[in-house]
Amino acid sequence: MRILGIESSCDETAAAVVENGRIILSNAVASQVEEHRLYGGVVPEIASRRHCEAISGIVQKALDDAKTNLDDIDAIAVTYAPGLIGALLVGVNFAKGLALSTGKPLVPVHHLRSHIAANYLTFPDLKPPFLCLVVSGGHTHLINVQNYTELHILGQTRDDAAGEAFDKAARAMGMPYPGGIMLDKTAEEGNDKAYRLPRPSVDGAPYDFSFSGLKTSVLNLLHNAKQRHETVSIPDLAASYRRAVVDCLVRNTLLAAEKTGAKTLVTAGGVSANSLLRRELKSLCAKRGLNFYCPQLSLCGDNGAMVAAQGYYEFSQGNIANSNLNACAELSVESLAV
């Protein structure tokens, strides 16, 4: 079964063809990073306009790269939630038009579910159930993946997502957008014990996260140093900050694994590309006898292949939308489309 996946939730216009939910036949992406770098972050209106310009060509490239055409596609999967509403609407409406004109089934896919599915592409033998840490610029969740379409949230951030915390701190340190990637690279050169930073927790909710206080502590440190005309070592601060964020992520994740009895731990989302997070979880899971999986780096960010992969399982469960499908800026990963 071949699924065409379409993704436009933020600043990547992407499309891919995936066979049987596991085999990537094509994966085309048009990135807007260079343009948004001028503004220090994603500008929603610009992102929506660029999606309009790119989506038709990207879908055609995905079909051409897969050496197939719409006649050979079994269903069209599209990210409909969550994300930037204007950006989502471009992908959803394009997919709806394509499905209507070709008579192909339209499959709605939740963005976080598709990030998890990136692991199915990297590891063809991986199957639920497992515990998944989803970490990205907009989301930080601990999710109990019971099967391909039944997921339950165990914990989530109360304020900033981990990726957002990385990006904002990186900007304060003078790093260009996307800051999280640059912070990770800079941290590799620093001493992560140089600066003492907090490891916030949420009282009464051991699986929940909170990063706003940690972020504020870095902003205050930089501000106070400037007022006192003191020099701050950016590599050391980046390393110390990265260590603090990762410590929080690892602490809650391993606690959830212990309390739930999970034997398999999976990561997903853009921040799953963070080099320290990958090293720490791999090492600690090995010591605890847990199976550990994280997507290949090229599939950590937004892409169409992960949408097509999850679309295969949604389609197999009969989760098919009609022409009334709408985009949704916020929606729980536990929810199914109408």
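**Figure 1. Arg242 and its partner Glu188.** Arg242 is buried, because its relative accessible area is 5% (buried means under 20% relative accessible area, exposed over 50%, and partly exposed in between, with a 1.4 Å probe and protein chains only). The side chains of Arg242 and Glu188 meet in a salt bridge, at 2.7 Å from N to O (a salt bridge is a side-chain nitrogen of Lys or Arg within 4 Å of a carboxyl oxygen of Asp or Glu). The pair links distant parts of the chain, 54 residues apart: Glu188 lies in the loop between H6 and H7, and Arg242 lies in helix H8 (residues 234–260). Helices (H or I, at least four residues) and strands (E, at least two) are DSSP runs, numbered from the N terminus. Glu188 counts as partly exposed, at 42% relative accessibility. This is a predicted model, in which local features need pLDDT of at least 70 and side-chain atom pairs count only at pLDDT 80 or more, while totals for chains, interfaces and linings use all residues. Residues are numbered from 1 along each chain as its sequence is written, and side-chain values use heavy atoms, with hydrogens and water left out.

**Figure 2. Arg158 and Asp208.** The closest N and O atoms of this salt bridge are 2.7 Å apart. Arg158 lies in the loop between strand S8 (151–156) and helix H5 (162–172), and Asp208 in the loop between helix H6 (179–187) and helix H7 (212–227), so the pair ties together parts that are 50 residues apart in sequence. Arg158 is exposed, with a relative accessible area of 52%, whereas Asp208 is buried, at 11%.

Figure 3. Arg37 is partly exposed, at 32% relative accessibility, and Glu34 is exposed, with a relative accessible area of 57%.

**Figure 4. Glu12, a buried residue without a salt bridge.** Glu12 is found in strand S2 (residues 12–19). The nearest side chain of opposite charge, Arg37, is 9.7 Å away (Lys and Arg count as positive and Asp and Glu as negative; His and the chain ends are not counted). Beyond its neighbours within four places in sequence, Glu12 is in contact with several residues, among them Val29, His51 and Asp302 (contact means heavy atoms within 4.5 Å).

**Figure 5. A network of salt bridges.** Asp192, Lys193, Arg199, Arg243, Asp247 and Glu280 are linked in this network. The whole structure holds 18 salt bridges.
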